[in-house]
Amino acid sequence: MSKLLEKQLKINDAKLFINGEYVNASSGETFDAINPATNQKLASVASASVHDVESAIQVAQTSFESGIWSKMAVEERAKILCRMSDLVMARVDELALIETLDVGKPIKESRDFDIPRAASNLRFFAEMAKYIHHEHYPQSKHMSYTQYAPAGVTSLIIPWNLPFMQMTWKASAALAAGNTVIVKPASYTPLSAVMLGEIANEAGLPPGVLNILTGPGSTVGTAMTTHPFVRRISFVGESTTGKTVMRNAASQLIPVSLELGGKSANIVFDDADLDEAVQGSIEAIFRNQGEICLAGSRLLVQETVYEQFLAKLVTAVKKIKVGDPLDENTDMGALISTNHLETVDRYVQIGLEEGAKLATGGKRVEGLTDGNFYEPTVLYDVDNKMRVAQEEIFGPVLVVIPFKTEEEAIQIANDSIYGLAGVVWSNDLRRAHRVADQINSGLFWINCWYYRDLRTPFGGSKASGIGREGGRHSFEFYTEAKTITMKL
């Protein structure tokens, strides 16, 4: 612990990363990066202006047109991205510390999952790029074949909940496909994202291929989603902002990929392994303080085991240790900001006013009032029409809804504006697959949660987004397909 705290004192101020160099914002303006666990300043961060966005996009366009990256042999691109992956793992402790201080999440999650997954992102897409096959279709007098060319300058807008992992999830695929990239991390959590510039330089990524801009979405994000040089936009965030991004992109006919909000149903049938389902349900809502779009935030429990399951759940939830994110024994850290904590608490009060009952939690953690710590909260006897069951809270609040039959569970699960994910717990695999088939979501888990195979498509339906990324789906989005036909 003492070594980690010693390192905390060495956090550098963050600058913009443009054309392979760290530079101040042209205006000289900065904003503060705040530690959610203490609400103390971590570092000053350069606040980019529209002029800085213009400069970065021009650099990225020039780099793309030069062919230094876009026309580099895919095997050579892969080597550089794999070196970046190795360098991420070589600095895993440092990156995990920055991530924990910036996000407020437990150090064991940053170190053991988030940063290693980021390294895996880089290596996976680097290797997969070498095996994306082009098609050819011979006929008697003609032959047609396809090419998948990099699309061009790509704008990536990253959320604050899993910043380094999300950044590499997007940038790895876009870079592996041969594009040049502009990344805007969330203003709440810019510090780890900016460090990817150092890693890119050390790995030999050509200048201008990766550019990182910190600053407000109202200026930086808008400029990144309306510039005529930008040919792809990938955004992760809440649904209202996603609509704004889509409107901006429409002005230049820029293709978009939107990964947005969720209010996923986590369904427990009476034939499930209840102990396994309790642990899985806790993980699905309280991991990362509930600040995950994939969270199983609506827990649907069959009436025949409702009381029994609720008792087991509440007992387990009360054992969750909330505290210092740098403590190895901490299970749940701090929410991202004081404003967000107040929003979460306001939703809990709304739920109680609507008639939900409080089983545990429902307030700030006593003794930790300097930071944004909120108790893991369970509301039960919830009706799916209540706001707490329909609106994304994005915090450690689980709403428990009883159901009688399989058909009712499916109806409740689908009664939502969102369609991102879902979970079912059952030892009847025929039932589990029936339910999975009928839930309107982009992802679904049976007797597990959060496992991701990077070859599979990721995305949601309805208000949860547009498009899919992952595996070949990422390369389809970040490239332009061209058909060439010749006479034989």
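## The sheet and its helices

Leu299 stands opposite Val400 in strand E16. That puts us in the pairing of strand E13 (residues 298–302) with E16 (residues 397–403), which runs in the parallel sense over five bridges. Strands pair here if DSSP finds at least two bridges between them, and the elements are DSSP runs numbered from the N terminus: helices are H or I with at least four residues, strands E with at least two. Before going on: this is a predicted model, where local features need pLDDT of at least 70 and side-chain atom pairs count only at pLDDT 80 or more, while totals for chains, interfaces and linings use all residues. Residues are numbered from 1 along each chain as its sequence is written, and side-chain values use heavy atoms, with hydrogens and water left out.

The pair belongs to an open sheet of seven strands with mixed pairing, in the order E14-E15-E16-E13-E12-E18-E19. Its edges are E14 (357–360) and E19 (445–446), each of which pairs on one side only. Helix H11 (residues 306–317) packs on the sheet and touches E12 (265–268), E13, E14, E15 (377–380) and E16, its direction making about 170 degrees with that of E16. Contact means heavy atoms within 4.5 Å. Helix H12 (residues 338–354) packs on the sheet too, touching E14, E15 and E16, with a direction at about 20 degrees to that of E15.

## Helix H5 and its partners

Now for H5 (residues 107–129), which packs with H3 (residues 74–90) at an angle of about 170 degrees, the axes being 8 Å apart. That makes H3 roughly antiparallel to H5. Axes are lines fitted to C-alpha atoms, for helices over the stretch in contact, and angles run from 0 to 180 degrees between N-to-C directions; under 35 degrees counts as roughly parallel, over 145 as roughly antiparallel, 65 to 115 as roughly perpendicular and the rest as oblique. Among the residues that meet are Val74, Leu81 and Met89 in H3 and Ile115, Leu122 and Arg123 in H5. By class, the contact of H3 with H5 has 13 nonpolar residues, one polar and three charged. Nonpolar covers Ala, Val, Leu, Ile, Met, Phe, Trp, Tyr, Cys and Pro; charged is Asp, Glu, Lys and Arg; the others, Gly among them, are polar.

H5 and H6 have axes that come within 8 Å and cross at roughly 10 degrees, so these two helices are roughly parallel to each other. Their contact includes Phe113, Asn121 and Phe125 of H5, along with Phe164, Trp169 and Ser172 of H6. The classes here are 12 nonpolar, three polar and two charged.

## Cavities

The structure holds four cavities of 30 Å³ or more, a cavity being a set of points on a 1 Å grid over the protein atoms alone where a 1.4 Å probe fits but cannot get out. Volume is the space filled by probe spheres set on the points, which are joined across faces, edges and corners. The largest cavity has about 180 Å³ of space. Its lining has 14 residues, with Met165, Gln166, Leu294, Tyr450 and Phe458 nearest the centre; lining residues have an atom within 4 Å of a point. H5 and H6 (163–176) are the elements that give two or more residues to this lining, and H6 gives the most, three. The lining has nine nonpolar, two polar and three charged residues.

## The largest pocket

A pocket is an open set with protein on both sides within 12 Å along at least five of seven lines. The largest pocket has a volume of about 870 Å³. It is lined by 40 residues, and Trp160, Phe235, Gly237, Glu238 and Thr241 lie nearest its centre.

H8 (217–224), E10 (230–236), H9 (239–250) and H12 each supply at least two lining residues. H9 has the largest share, five residues. By class, the pocket lining has 17 nonpolar, 18 polar and five charged residues.
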